[in-house]
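Here is a briefing for a first look at this structure. Keep the model open while you read.

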Amino acid sequence: VSYWHINNTFAWCETAACVRVCACVCVSDIISTVEFNHTGELLATGDKGGRVVIFQREPESKTEPFSQGEYNVYSTFQSHEPEFDYLKSLEIEEKINKIRWLPQQNAAHFLLSTNDKTIKLWKVSERDKRPEGYNLKDEEGRIKDISTVTSLQVPVLKPMDLMVEVSPRRVFANAHTYHVNSISVNSDCETYMSADDLRINLWHLGITDRSFNIVDIKPANMEDLTEVITAAEFHPHHCNLFVYSSSKGTLRLCDMREAALCDKHSKLFEEPEDPNARSFFSEIISSVSDVKFSHSGRYLLTRDYLTTKVWDLNMESKPLETYQVHDYLRSKLCSLYENDCIFDKFECAWNGSDSVIMTGAYNNFFRMFDRNTKRDVTLEASRESSKPRAVLKPRRVCAAGGKRRKDDISVDSLDFTKKILHTAWHPTENIIAIAATNNLYIFQDKLNSEMH
Amino acid sequence: MLGNGVKRKLDEDEDGLEEHRGLVGDGGAGPGGLSQASYTLQRQTVLNMSLMKLYGPRTGADLGLRRRVLINNVVRRIHDDFRQEGAVGAFFFSVPSAAPAAAPEDESCRQPPPSPPSFGVLSSPLSALDSCLTPASLLEDDLPLFFTLPPSSSSPSSHHHLHHSPRPPPPSPSPKDSFSSALEEIEELCPPSSPPPAVVKEEARGSQEEESWLYKLRLPSPSLPPLPPARLGPADASPSSPGSFLTDFALDDVLFTDIDTSMYDFGPCPAPSGAAPSKMADELVRSMSGYGAAAAGASGQNQPFKMDLAELDHIMEVLVGS
């Protein structure tokens, strides 16, 4: 068995202590989003219960070189609560659909979290010192009797136990009729957008009572509706550009300089349908579940049900690269339609150098594709098979009827309830976070970390 | 149908589907690639599943808009497939494109979940499965919403009609009421000759979505396409096979007739301009009565939903053959 390599030789191993342990699978604990901040020092997860858990990477210690890279719980807070829309008689779930970090501008960290309807801006700050030795106040802050003050001293900051404070700063509500599926902070650091099934709104981070509708694909007559927006993201460098994906498998690049309402796209990325591969499910499996700009801003990464694709912004007619994530499911589409798995929304992620892409699959498997060497690997995130620092063994699924090697997993024994929908890659290092139902796994490229 | 996240039971569940699954999924499932019969069976299987998903017990809020739209597109596609195969197929299997309209969170769709036009004229012959899936009670509930322009007129009128009591004089709606303002708008929109649908569309797009329910109400009157003559002829309602599917039309017949009169009495459009819509309604009623008669004549009562696949196949053979 050969381990998979990226650039240099390394294998993925699990970092310790960060797996969230929950004996029972409570629905509210199911992780619904994972996101590193811009330095990779913090990692936020949101779950179905409306909670946000922030993990912080431990600083490197000289005595324990291995401890570097371990993420420990930094703060936990309740971001959203279940609500009820009395006008429409609808329950609004508290589930966190997306988290996005703002670029750090001072000691505090800011993040946006959203459920189906409401986006919130949170400030995460820490306090580890307190001032001591005031002349006119005592330890509890009471004013001293002036007559007792006989000498003056300079107050000093004394260290104390670290306290992480999370406070809500803004609540952006009442702008979405449909379910928010994406939020994206603009590179200008002043605005962000939020996308629901049919519309995209542009917000200023400081203004909560007004947003601008920049895309609206709602037809005048809802019976004419055949397409919905599935994801949207700003360009990492050009604050006027953004992309959104649709359930028909298309990507639209829009330029906000062209018009206030970007109903007309600047570029339309679409792969023509292969007439030979036409089936009842062609459209469903071509529906884009996630779209991500590369860090360079040159490429787009998309995920549909069976494949993940890399698009060049300069070529609209077809993707630059297409990677099969689990092609063996192509013969199972009818079952997957029947049990609704075909509607699962898998996300995808770039590594820091845009050379490797990662995305999830079923049976707690996730896939990585090296764009340069064209090698790929299937790894498994499971507590049974991976202990802290254990090296992950590549897994292989053998298609029905195929030649089965030892340790291969047959397609029929895949567990479709264990799916890895949400993944995130550290912005610069080879550290990945994988959400598998209610567990968060953080894996690290071993050799890379030893080199540090 | 298995629930979301429920593990598949490949072996126990769907012996009938199993053999076709590979073919359906294989991608090459074009009509040419397979024998016509198995392709038809597959298509029917997928259609059944889709309709179950759209109208089955687990519908509603947990059905996201994306899912609903995708499922609906599958249904549309199969529908188109039927249409391509010939008028007969199209006739019997036209399926309401109601799914996106059922979006619960959409303000414009807070009205009747199965969209009125798709139920009404555009795809009045509910498919075999659909007629089984859509309970008559649901249709009853929806119809008043669909046809009633003034709420004060329709529900009471249908009520009275059903009880054979004399109709009360038309209540004059208060001018402030939103419905009457809707009526005014409809009146403006009802020129003597039916305008091209595009105009209506334009108008509806211009107005914000808060008003788009008005558009829904307008739809039945001016923008209805003329009924295909084939649908009206009694010969068309092929007495043998389709009749058995159209089980719920006896009830609907009453409703339709009733609504028709209400439209005459309280019609949103005054006599000169209302000519076109009421004529349309009349046609509609006639067409529906045709179906009703067919339904009444046919033996079929409530077909069990889980129809034997072989039986469906046989029916398809008959339809395609004829």
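This is a predicted model: local features need pLDDT of at least 70, side-chain atom pairs count only at pLDDT 80 or more; totals for chains, interfaces and linings use all residues.

Chain A has 452 residues, and 56% of them are buried. Its secondary structure comes to 3 helices and 32 strands.

**Chain A as a whole**

- The accessible surface of chain A is about 19800 Å². Carbon and sulfur atoms account for 50% of that surface.
- Take the contacts in chain A between residues at least 6 apart in sequence. Of these, 54% join residues at least 24 apart.

**Cysteines**

- The disulfide count over all chains is 0.
- Cys239(A) is in no disulfide. Its nearest cysteine sulfur belongs to Cys189(A), 9.9 Å away. A disulfide would need the two sulfur atoms within 2.5 Å.
- Cys239(A) has a relative accessible area of 35%, so it counts as partly exposed.
- Cys348(A) has 0% relative accessibility, so it counts as buried.

- Leu253(A) sits in strand β18 of chain A, which covers residues 251–255.
- Its relative accessible area is 6%, so Leu253(A) is buried.
- Leaving aside residues up to four places away in sequence, Leu253(A) touches Phe242(A), Val243(A), His265(A), Ser266(A), Lys267(A), Phe269(A), Phe293(A) and Leu313(A).
- Ala232(A) is 21 residues from Leu253(A) in sequence. In space, their C-alpha atoms are 9.7 Å apart.

**Helix α2 of chain B**

- Helix α2 of chain B runs over residues 36–55, which makes 20 residues.
- At 1.5 Å a residue, this helix should span 28 Å. Its end C-alpha atoms are 28 Å apart, so expectation and model agree.
- Most of α2(B) is covered, with 17 of its 20 residues buried.

**Aromatic pairs**

- Over all chains, the count is 18 aromatic pairs.
- One of them joins Tyr192(A) and Trp203(A).
- Tyr192(A) is buried at 0% relative accessibility. Trp203(A) is buried at 1%.
- Tyr305(A) and Phe346(A) form a tilted pair. Their centres are 6.3 Å apart, with 45 degrees between the planes.
- Tyr305(A) lies in the loop between β21 (299–303) and β22 (307–312) of chain A, and Phe346(A) in the loop between α2 (333–338) and β24 (348–350) of chain A, so the pair ties together parts 41 residues apart in sequence.
- Both Tyr305(A) and Phe346(A) are buried.
- Ring pairs also link Tyr305(A) and Phe346(A) with Tyr362(A) and Phe416(A) in a cluster.

**Charges over rings**

- Arg371(A) lies over the face of Tyr299(A), at 4.7 Å from the ring centre.

How values were computed: Residues are numbered from 1 along each chain as its sequence is written. Chains are lettered from A and ligands numbered from 1 in the order in which they are written. Side-chain values use heavy atoms; hydrogens and water are left out. Helices (H or I, at least four residues) and strands (E, at least two) are DSSP runs, numbered from the N terminus. Buried means under 20% relative accessible area, exposed over 50%, partly exposed in between (1.4 Å probe, protein chains only). Contact means heavy atoms within 4.5 Å. Accessible areas come from the Shrake-Rupley method with a 1.4 Å probe; for residues, only the protein chains shown count as cover. The expected span of a helix is 1.5 Å times one less than its number of residues. Rings of Phe, Tyr and Trp (its six-membered ring) pair if their centres lie within 6.5 Å; planes under 30 degrees apart count as stacked, over 60 as edge-to-face and the rest as tilted. A charge sits over a ring if NZ of Lys or CZ of Arg is within 6 Å of the ring centre and within 35 degrees of the ring normal.
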